[in-house]
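User: Hi! I'm new to reading protein structures. Could you walk me through this one with some questions and answers?

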Amino acid sequence: MANAASGLSRKLLTRVLSVYFVLTLIVTFGQVFTEYLSAKAHIKTELQILRNTFSGSLTRALWELNNPQTSSIAEGLLQLPIIEGVQIRDENSALLAELGKTTPLPAASVLHSVLTDHDDGLFSYSFPLIYEFSGRVSHVGDVTLYSSFNIVIDRIEVGIYFLIGNAVVKTTFLVFLFLTAFRQMLSEPMAALTEQMSRFDPAHPEESRITHLTPDDNEIRQLQLSYNQVLEDFISSQKKLADARKELEYAYRQLDEQNLQLEQEVARKTANLSQIMLDLEQQKDELLKSQRKLHTEIEQRRQAEDELRQRNKELAASVSMVNQTRDQLVESERMASLGGLVPGITHDVNTPVGISITATSSLQEEFLRLRRDLADGKVTQRQMNEFIEHGEQATGLLMTNLGRAAELVASFKQISIDQANEAIRTFNLHDYLHEIMQALAPAFKQKQHSYSINCPGELTICCAPGAIAQLVTNMVTNSLTHGFEHTHAGKISIDVTRQDDQLTLVYKDNGKGLEACELTRLFEAFFTTRQTSGGSGLGTHIMYNLVTQTLGGTISASSQPGAGLTYTIGLPLIQQPTGQFQS
């Protein structure tokens, strides 16, 4: 314990003195550095004073080109205690004198007074030499005076020794003071405390109390009081332990009596437990019966699940078949709209073809007549002119009607190709809408139906044209089949507007319209208002898929009974090549 107290005192003393030594060292170095800066500032001031003293004579010597006098002044300056080196240059920066320790100067002349520190411990003061004559000012050269770190140290050497000696004396006195204080206030009291604590006797704790060690109310005093209080608590605990031992002996006697009573109670409980075990055996038998019954029910449920799983497979096969049937119906519906154009196109093509055949027959007869007349030598000028005029009329009629037939065939061919091919291309929407309606025109000739197209002539769109053709064909077919069922003078309008990179197509007819309940189911697959008349209910469903999936747009419908039906379709001008038509 004594060694521990001595070690604690030594550690505390070492840490305190270490902090003090570090602080003393920092303060001493700070004072030395301050003295150095102060001495250096005084030397720079003295260099400035030397400028005022020697600048006049140096200026005149340089002005008069008196180099010996310049060198003499330089040597005189070098003899001064604070001067380590001298450099003198003329107005062209040519070096006239260089004595002592110096450093290379810049090529430019010094025009202002400059104080400069150098890496080798030197510092310099440079100033220009100005000569005034007849009110004119001339720069005749410059002077650089050098001093050094050693000169500054020489000036403050005594002060440094004094500061170091002062620090050593104070440190020595403080170490002695701390050693004395630690020994009297910590080491000796702790040694006495340790010695008294080592004489502790557990059998006689009253005699182990620590007597008064120090009159001061410090930590050692508090430790003494705390140790004595622990002894008091220990003595009190021993008394309580003796009392508890007596109570425990009494409790043991009571426990023996209770053990006897408990054995009697255990015997009685054992008899009751035997009866309970018999009852549990009976319940176990009943539970086994219930388990067998439950096992039977589980087997029946497993068979029902197997049967249900088989039914689910059959149902999935039925659903797959329904989907295939629906896809086939969708494709049939798409091709039906194309096939519906064939009779009208055939009728419109037959008319110009028939006229062309008639004109060709007439022209052939004229050729035969002309050949006979030529053979008989009966051809006159008038007959030849009539033949030529008749031939020109016939060929003109042929060109007109064959051109009309070619346009109809080309229009039908383009639309049929587009509907069969979903390739994306750029086309003029105005012209394409007219081609579609031209192909559908035969359906309007049966009754007094009419249509109008309002679309900017220069509007182009990049998408699958077959989807546009299929969309317009389905809308017109629905209007002719459903909307104009009881109307002989139906009207259809197609209005196209553009805003930024989007276009809006509004299709409107003046047919019989739809009820609200019918409008909500308009785009559902297999929904039709002509269920008993052979309608498939896929036309509007195909339209919805064309717009939302193939063309990447939106479609909505509005209608009231007797007020016609309106489709509002929003499409992008450029379709991304990802949409594919699906049912």
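User: Which residues of α9 do Leu429, Tyr432, Leu433, Ile436, Met437 and Leu440 in α7 meet?

Analyst: Keep in mind that this is a predicted model. Look at the side where the two helices touch. On the α7 side you have Leu429, Tyr432, Leu433, Ile436, Met437 and Leu440, and facing them in α9 are Pro465, Gly466, Ile468, Ala469, Val472, Thr473 and Val476.

User: Is α7 roughly parallel or oblique to α9?

Analyst: The axes of α7 (residues 429-440) and α9 (residues 465-483) come within 10 Å and cross at roughly 45 degrees. Angles under 35 degrees would count as roughly parallel, and 65 to 115 as roughly perpendicular. The crossing of α7 and α9 is right-handed. With that angle, α7 is oblique to α9.

User: Which residue in β5 stands opposite Val86?

Analyst: β1 and β5 are joined by six bridges and pair in the antiparallel sense. Follow that pairing across from Val86 and you land on Leu145.

User: Is Asp142 buried or exposed?

Analyst: Asp142 sits in strand β5 (residues 136-148). Leaving out residues up to four places away in sequence, Asp142 touches Gln87, Ile88, Arg89, Ser109, Val110, Phe127, Pro128 and Leu129. The cut-off for buried is under 20% relative accessible area. Asp142 has 0% relative accessibility, so it counts as buried.

User: How many of the eight residues of strand β12 are buried?

Analyst: Start with the partners: β10 and β12 run antiparallel and are joined by eight bridges, while β11 (residues 554-559) pairs with β12 in the antiparallel sense over six bridges. β12 (residues 565-572) is largely enclosed by the rest of the structure, because its buried residues number seven of the eight.

User: What is the bridge partner of Gln502 in β12?

Analyst: You can trace the bridges to β12 from two strands. For Gln502, the partner in β12 is Pro572.

User: What phi does Gly562 take?

Analyst: Find the hairpin of β11 and β12, which has five residues between the strands. Gly562 belongs to this hairpin and takes a positive phi near 80 degrees.

User: What about residues other than glycine: what is the phi of Ser93?

Analyst: Most residues other than glycine have a negative phi. Ser93, in the loop between β1 (85-90) and β2 (95-100), has a positive value instead. Ser93 is also buried, because its relative accessibility is 19%. Its phi is near 65 degrees.

User: And is Asp500 buried or exposed?

Analyst: Asp500 is found in the loop between β9 (491-499) and β10 (502-509). Asp500 isn't a glycine, yet its phi is positive, about 60 degrees. Exposed means over 50% relative accessible area. At 63%, Asp500 is exposed.

Definitions and conventions. Residues numbered from 1 in each chain as written. Predicted model: local features only at pLDDT ≥ 70, side-chain atom pairs only at ≥ 80, totals over all residues. Heavy atoms only, no water. Helix = DSSP H or I, 4+ residues; strand = E, 2+ residues; numbered from the N terminus. Buried < 20%, exposed > 50% of the residue type's maximum accessible area, 1.4 Å probe, protein only. Axes fitted to C-alpha atoms, helices over the stretch in contact; angles between N-to-C directions. Parallel < 35°, antiparallel > 145°, perpendicular 65-115°, else oblique. Left-handed = near helix turned anticlockwise from the far one by under 90°. Contact = heavy atoms within 4.5 Å. Pairing = 2+ DSSP bridges.
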